[in-house]
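Welcome to this tour! Open your viewer, get your selection tool ready, and follow along one stop after another.

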Amino acid sequence: MKRVYNFSPGPSVLPLPVLEKAAAEMCDVNGTGQSVMEMSHRSKDFKPIIEKTEALLRSLMGIPEDYKVLFLQGGASLQFSMAPLNLAAVPEGEPKKRALYVDTGIWAKKAADEASKYVEVSIPASSKDRAYTYIPQAPAPAHGDAYYHITLNNTIVGTRWPSVPDTGSVPLVADVSSCILSETLDVRKFGILYAGAQKNLGPAGLTVVIIREDLIGHASSRTPALLRYDIHAGEASMYNTPPCHAIYMTGLVLQWLEDLGGVTAIEKINREKAGLFYSYLELSKHFVSPVEKNSRSLMNIPFVPRETDGEKRKRIEDRFVKEAAAAGLVNLAGHRLVGGMRASIYNAMPIEGVRSLIQFMETFERSLN
Ligand SMILES: *Cc1c(COP(=O)(O)O)cnc(C)c1O
């Protein structure tokens, strides 16, 4: 078997023991004589699987009793619509409610654009002026804001909110797709947390929504059933067929994380991994992090050549990505909209992967001298 170090931003690396367990159980899980993919989602065989996944997520994140956990589909992108539709949309003809969005990058902007179909979006803070390379000062919510939306970790540009903004009584809604379970988080500070699973939780196809109960039940009556939090919450994520296999896989990832010592243990490892890489970049003669120090992500680390000549720079980048892949370090190209390189080092990326990348870069740098 060949395994590479996969720095993909998503879908991304999964822990090898999880893949091995899933492979061993592929045709017969828990002595049921069935694959999870073949089971009725309402069967007694699947029930313990979804219940265990939720219980593990609750204990790992310390999710309070008065929050619901929903297992949905549609990706984080569908939450760009569901959050406004459920929290602040009003019937056609009535004055729109207002919601606050902080513009910290491409995903944050997409969330705001989608919301603007249903609510009046205000964007009192943005880091677009410096290519999203920092997190702006958190604006205070204005009177009447229905909710306050942030992207806690910005996957594409590699920034992360250094602290959670205090939004007072205005519910904080956060996209945590690329940082969920990477470090401890006080769920109480949020009204809604949502994440596509394919970065730090499991395979694509599952979207996790953690929502405070008082925020459920405010969708207008014309909202499609599948887009209503109250319907999904009322049916325990079984209004229709949930993504059963992705839920099972996520359960295995959560069990792996618990066995490792939980979020405090992985946070320590994540800080060590990111610390190693940022320290390397600090000293590097040829590569640099474009992100301001106090806004740097633990999960997604973009880096660019110091070379300023556009053509030379492009050649270095192309060669880097190609030679890294040949050395078993794959998916290091930056996002198509921002260029450069990016190493995504999610929970499942072992520290050895980061060490290998640094070693490769040291050799590569010598070829540039
Ligand atoms: C990947 C990503 C998304 C998009 O997720 P989908 O599940 O593909 O819709 C949204 N927000 C952030 C922060 C992401 O990293």
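How much area do domain 1 and domain 2 bury between them? The figure is about 2300 Å², with 56% of it on carbon and sulfur atoms. Keep in mind as you look around that this is a predicted model.

**Stop 1: the two domains**

Start by colouring the chain by its domain assignment: select 5-11 together with 261-368 for domain 1, and 18-259 for domain 2. Taken over C-alpha atoms, the centres of domain 1 and domain 2 are 27 Å apart.

**Stop 2: where the domains meet**

Charged partners come next. Across the interface of domain 1 and domain 2 there are 2 salt bridges. Select Glu 292 and Arg 130, which form a salt bridge whose closest N and O atoms are 2.8 Å apart.

**Stop 3: hidden spaces**

Rolling a probe the size of a water molecule over the atoms shows where empty space is left. In the whole structure, such a search finds 2 cavities of 30 Å³ or more.

The largest cavity holds about 80 Å³ of space. To find its centre, select Val 13, Asn 200, Leu 201, Val 253 and Ala 348, the nearest of the 14 residues that line the largest cavity. What classes of residue make up this lining? There are 8 nonpolar, 5 polar and 1 charged residues.

Move on to the second largest cavity, with a volume of about 30 Å³. Its lining includes Gly 105, Trp 107, Asn 154 and Val 157. By class, the lining of the second largest cavity has 5 nonpolar, 5 polar and no charged residues.

**Stop 4**

Most residues other than glycine have a negative phi, and most peptide bonds are trans.

You will find Pro 11 in the loop between strand 1 (5-6) and helix 1 (16-24).

Finally, select Asn 30, in the loop between helix 1 and helix 2 (47-61).

Key. Residues numbered from 1 in each chain as written. Predicted model: local features only at pLDDT ≥ 70, side-chain atom pairs only at ≥ 80, totals over all residues. Heavy atoms only, no water. 1 Å grid on protein atoms, 1.4 Å probe; cavity = no way out; pocket = protein on both sides within 12 Å on 5 of 7 lines; lining within 4 Å. Points joined across faces, edges and corners; volume = space filled by probe spheres on them. Nonpolar A, V, L, I, M, F, W, Y, C, P; charged D, E, K, R; others polar. Domains from an automatic or database assignment. Buried area = accessible area lost by both parts, 1.4 Å probe. Salt bridge = Lys/Arg side-chain N within 4 Å of Asp/Glu carboxyl O. Helix = DSSP H or I, 4+ residues; strand = E, 2+ residues; numbered from the N terminus.
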